[in-house]
Each structure stands twice: as structure tokens, then as C-alpha cells.
Amino acid sequence: MPAKDTIIEYFYVIAGAAIVAVGFNAFLFPNQVASGGVSGISTILHGIFGWNAGIVQYAFNIPLFIAGVLVLGKKFGVKSLVGTLALPLFVILTEDWNAWTYTPLLGAIFGGIFVGLGIGLVFKGKASTGGTDLLAQIITKYTGLTLGTSVLLIDGLIAISAAIVFDIEKGLYALIGLYVTTKTIDIIQLGFSQSKMVYIITNKQDEIRDAIYKEINRGVTKIPAVGGYTESEKPVLMVVVYQTEFTKLKQIIQTVDPSAFVIVSDAYEVLGEGFKRA
């Protein structure tokens, strides 16, 4: 890998860890929003024992990273070690910052955005910040549960613990923060959808294909398919268009074949001719 790319990835990891720490200390921690992960555990333990959140995160992250390397192998690499060590450090460095809000709902929403943005950048750097993500992978290896189920189980237990230690409302805010975090990570990883992928089942394949090419200059792919009821072959047309072109595409389909069956979904990271280059 070129040195420039390596530097950029380390920048993503360090910047992401710093953003997570700011979200934690400015929004989540002062409002007792324990929205999953080791940061959520540190919030709960501070509420019970008054322990320093950054030190608690070190106490969890380092053993979990070592366990991850021993159990799952050395695939995490140096960048993940940097993320594991950098996040608690930034939490300690920003722990004296004044809270940006003392409204728990705002804390959950904006804290979730900051944490999701930071973790998304760390993922773009091909690393992790350790913590309960590693624990989830270990649970998956030994129980057969999916990774998503393992993460949901851990974060769900943390949210329930927050409800018990603080109150029910704080547990609900924790769930809001967790939801916002996951959605923000998706946006950072995938970007906002700017394109639509459209599947068209029609008896006028050639006419629709030609009209699409002529009027919006998009290529069409024919996907072999067989009708489940009729058992007859009827290829499915697949086309990807920008959102600004989608209305025109619908008009074309409606004009050529009003009875066409159309399926539309969002398309992310469309690479190739006519779209973004890799």
C-alpha cells in the first residue's frame, strides 16, 4: 500500500477516535446516555462507583483487544491497536469540557451522530476501536450466533443496565443514541443514496430498453428469469439512474408499458461508466 494511503488511514483512525470522544464527553456522558459499547459501560460504572470513564475504557479495551488477538488471530493489526488506545486517551483529554446540552434527548441524538461519525471514519481507516465489537466476534465464534445478534445482545444488556442504574427514560435514550449511531455509521460507510436501482418486468423489453437509452442515455442489463407461475422465460431489465433521472424513467415505463412490474431500491457506491470512478 502506498505511504500516502497508509497515512490517510491512520488519520481516519485518530480523527475518528477524537470525534467519538467529543461526542461522549459533550453529549452522552453528561446526560447519562449509555448507548452501548465500552463507553456505555463506563457511563454506568461512573454512575455506580464514580470511576473515571477514560480509565474504565482502557481497563476494558486493552484486555478485550488482547483477547481478540489470541482468540480471533492477528487480523486487527496496528491500526486497530492505535484506535483501541487513542479513544480512551481522547476521552481523558476532553473530560473537562463543558456539556453542550443537558437535554437527554438532544444528548442521545447528537451524541449518536458524533459517535457514528467517528466510528465510521475509523472503519474507513480499516480499523476498529476495540471494545464490545471484539467481544461480539468472540461470542459469535463460540456460540454460532450471528455477529449482528451478538452486538444486539451486548448493547441491549447495556441499555437495560442503564435503565436499572439510572431510570427507564435513560435506558430509552440509550436505545435512541444507539439507533442514531448505527444509522450514522451506515451513512459514513455508504454515503447518501444518490441513485436508484430499478428492476423492470415487461412484455415490451426492447421498446423500453431503446427508450431508456435514447431519452436518458443509460445502459440496461438483461437478467435471465423464469416466471414462477407460467414457467416461461421473461428476462428482467435492470437499470441504475441518478435520482434526478428517476422521474423521467418512470414516465418512460408508464408510456411504453403501463402494465410493467417495477421494483425500485436505493443504490449506494455506484462505480463505473456514467457514475463515480472507483
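Q: How does K126 count at 56% relative accessibility, as buried or exposed?

A: K126 has a relative accessible area of 56%, so K126 counts as exposed. This is a predicted model, in which local features need pLDDT of at least 70 and side-chain atom pairs count only at pLDDT 80 or more, while totals for chains, interfaces and linings use all residues. Residues are numbered from 1 along each chain as its sequence is written, and side-chain values use heavy atoms, with hydrogens and water left out.

Q: Where does K126 lie, and what is its phi?

A: Helices (H or I, at least four residues) and strands (E, at least two) are DSSP runs numbered from the N terminus. K126 sits in the loop between helix 5 (104–124) and helix 6 (132–143), and just after helix 5 its phi takes a positive value of about 60°, in a residue other than glycine. Q32 also belongs to a loop, the one between helix 1 and helix 2, and its phi is positive too, near 55°; at 29% relative accessibility, Q32 counts as partly exposed.

Q: Which side chain meets that of K126 in a salt bridge?

A: Side chains of opposite charge can pair when their charged atoms come close. A salt bridge is a side-chain nitrogen of Lys or Arg within 4 Å of a carboxyl oxygen of Asp or Glu, and K126 forms one with E9, at 3.4 Å from N to O. This pair links distant parts of the chain, since E9 is in helix 1 and K126 is in the loop between helix 5 and helix 6, 117 residues apart. E9 itself is buried, with a relative accessible area of 7%. K79 also forms a salt bridge with E9, the closest N and O atoms being 3.3 Å apart; K79 lies in helix 4 (residues 77–93) and E9 in helix 1, so this pair ties together parts that are 70 residues apart in sequence. K79 counts as buried, at 18% relative accessibility.

Q: How many salt bridges does the structure hold?

A: There are 8 salt bridges in the structure. One of them joins R218 to E245, with the closest N and O atoms 3.1 Å apart; R218 lies in the loop between helix 9 (205–216) and strand 2 (221–223) and E245 in helix 10 (residues 243–256), so the pair ties together parts that are 27 residues apart in sequence. R218 is buried, at 9% relative accessible area, and E245 is buried at 16%. Elsewhere, a network of salt bridges links D206, R209, D210 and K222.

Q: How many residues has helix 5, and how far does helix 5 reach?

A: A helix can be checked against its expected span, which is 1.5 Å times one less than its number of residues. Helix 5 has 21 residues and reaches 29 Å from its first C-alpha to its last, close to the 30 Å expected. Its buried residues, among them P104, G107, G111 and V115, pack against helix 1 and helix 8. Helix 8 (residues 168–190) has 23 residues and reaches 33 Å, close to the 33 Å expected, and it is followed by G191, whose phi is positive, near 80°.

Q: Where does N31 lie, and which residues is N31 in contact with, leaving aside its neighbours within four places in sequence?

A: Contact means heavy atoms within 4.5 Å. N31 lies in the loop between helix 1 (3–28) and helix 2, and N31 is buried, with a relative accessible area of 4%. Leaving aside its neighbours within four places in sequence, N31 is in contact with T101, Y102, T103, P104, G107 and K170. Two of these names return in other lists: G107 is one of the buried residues of helix 5, and K170 is one of the buried residues of helix 8. The C-alpha atoms of N31 and T103 are separated by 7.0 Å, although the two residues are 72 residues apart along the chain.

Terms used
Buried means under 20% relative accessible area, exposed over 50%, partly exposed in between (1.4 Å probe, protein chains only).
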